[in-house]
Amino acid sequence: MNKDHLQADSAMHSESDSDFSKIIDAGLSRRRFLQGGATAMGLFLAANPLAEAMAATSNPQSKLLGFTKVPASTADTFVVPEGYVAKPLISWGDPILKGAPEFDESGTQPASAQAGQFGDNTDGMTFFPLSDDHGLLAVNNEYTNYPLLFDHRGEAMTADDVKKAQAAVGISVFEIRRTADGWEYSKDSDYNRRITANTEMMLTGPAAGDDLLKTSVDASGTKVLGTFNNCANGETPWGTYLTCEENFNGFFAKPGGGQTAHEKRYGLKDDSDYQWFKFDDRFDITKEPNEPNRHGWVVEIDPMDPTSTPLKRTALGRFKHENAAVIVADNGHVVVYLGDDERGEHLYKFVSKNKYNATDKAANRNLLEEGTLYVSRFSAQPGEVKGTGEWIELTYGKNGLTKENGFNSQAEVLIYAREAATVVGATTMDRPEWVAVNHKTKTVCCTLTNNKYRGKKDNQPVGGPNPRANNKYGQIVRWNETNGDNSATTFKWDLFLVAGNPTVHNDFYAGSANINDENMFNSPDGLGFDKAGRLWILTDGKYSNEGDFAGMGNNQMLCADPQTGEVRRFATGPIACEITGLTFSPDQRTVFVGVQHPGEDDKPSHFPAGGNSKPRSTIMAIQRKDGGIIGA
Ligand code: FEO
Ligand code: CA
Ligand code: CA
Ligand code: CA
């Protein structure tokens, strides 16, 4: 480590109350640090255990990354590196069930058509292989864009329109095959399935059957219709798909207001842009006050059995679930890392009570039924962007989760997990999006996408893994659990990267040393390791290409070498899209990536068909022309 940096570090501390957060919060310029003999980023590096690795990226010779970087783009196309080809596999509205009609862009197709077609807004997905060249893709359809879904743009809703919107969300499962022309999906496969906001599913686990989950049509508190706002995903080693219910609150309304504290904490509002409550009573909170409690869970689905009942796993807690990153700890317990994507909410993990049975896959089917939910608390010395952390148990009767604090049972702790996390003193985070686990090293990473409230709200102080006030760009936090045991209750953390714009800022908003004018981006969201340990990063950020975001272009896909810290841009998406959803063929020679909402807010995209066509969310299959490993 550079001695000058250390000296500058201590000098800064003496003049600024030894408080790293105040240094950043005060907006001290890089120039001032330069005058003091070190750069702001120098301080950042001095405090960062990655300093040397990051510094090494000024001369990047990563052995892991073998592709040619692509420039930022504002074009209405999907751009991949030289030697690669990207083809649309399926777009919103393509038929996947037998007898379903072809997509019609008029916006007048009825609910019955959408019910047999690929849903809107492709998001998290998993490839379930039948071979290297053949398998099922299970895909989330997060929400739906009314200006594209309807000819009336959502301004003249009918009961059938609500049913159509309910059929445009949820999950799509369909069979795909690699052919000489690339990947194709099978329109008439018996495996194909749509799961929508009206598919019957079961609540299971400690909260199932609780009074708070009972409604006028379900006295059992276990039988629930549908899943929606399924953001990202996970997959289990026993072959099931996990779909994560994120901003479910937006589909409910409480006309007249008067929200309870619980309803406020979960973002339930008077009105809903989707307008389902006007035609379907279960989305009207004044009529069905417990219906929102039946959403905000992780749902487990067997993709190989199209008649199977999806299972909502209440043991994993209720919040705005982003994804579910699964690893079997060395001791056999199944660990699931879970982010709650909202400014100032938390990062969780679940550890199963029972152990994984590698020799009998079926014996694992209920491992997510019972276990312990934890929430994270990060610690750091002032001036450091690394430190230690602990996982605090969210179990009724422990850590203040008692009647005095408003909890009457484990069911209530799980249903109101956010409030339980507050009681135990969890760290408020900059919007935890995807978590990814490197299965070789057991290292875990989480994208903290951005947070305009950081430093502005009392419960969101600047510091630790959230080191910048008004965080426009986001960062990736990384941790290793004690003794490499993913079920452990303590860990060590640092920041893998801090996104920023070094062409606009010369302070901490320039980002960490591995961010430069050729790879800069904002709002990391999707995240995943491939088998070789490359870290893939997908963005869902501002695409104005102006001001703080000048030179960043459209949303994009990057690849990082966790050893050297190098980050290289791999692909860029079309106009006004988010890149989200990431899964590989088992041979790692194809990566599937989602282009979500091209042309949102009436931006001028005609992706993927071009011409004057309606923009459509689309899954891209990316291969190398020489058939090689993606990224190598
Ligand atoms: Fe649906 Fe947090 O992204
Ligand atoms: Ca996301
Ligand atoms: Ca996002
Ligand atoms: Ca999105």
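In which strand is the place of Arg569? Arg569 belongs to strand β25 (residues 567-572), strands being DSSP runs of E of at least two residues and helices runs of H or I of at least four, numbered from the N terminus. The model is predicted, so local features need pLDDT of at least 70 and side-chain atom pairs pLDDT 80 or more, while totals for chains, interfaces and linings use all residues. Residues are numbered from 1 along each chain as its sequence is written, chains are lettered from A and ligands numbered from 1 in the order written, and side-chain values use heavy atoms, without hydrogens or water.

Arg569 is buried, that is, under 20% relative accessible area with a 1.4 Å probe and protein chains only. The side chain of Arg569 does reach the backbone oxygen of Glu518 at 3.2 Å.

Donors here are N, O and S atoms within 2.8 Å of the metal (3.2 Å for Na, K and Ca); water is not among the atoms, so sites may look incomplete. Glu433 also bridges to the calcium ion (ligand 3), the two ions lying 3.9 Å apart. Glu433 lies in strand β18 (residues 432-437) and Asp525 in strand β22 (residues 524-529), so the pair ties together parts 92 residues apart in sequence. Both Glu433 and Asp525 are buried.

Definitions and conventions. Buried means under 20% relative accessible area, exposed over 50%, partly exposed in between (1.4 Å probe, protein chains only). Lys and Arg count as positive and Asp and Glu as negative; His and the chain ends are not counted. A salt bridge is a side-chain nitrogen of Lys or Arg within 4 Å of a carboxyl oxygen of Asp or Glu. A polar contact is a pair of N or O atoms within 3.5 Å; within protein, one must be able to donate a hydrogen and the other to accept it, and residues adjacent in sequence count only if both atoms are side-chain atoms.
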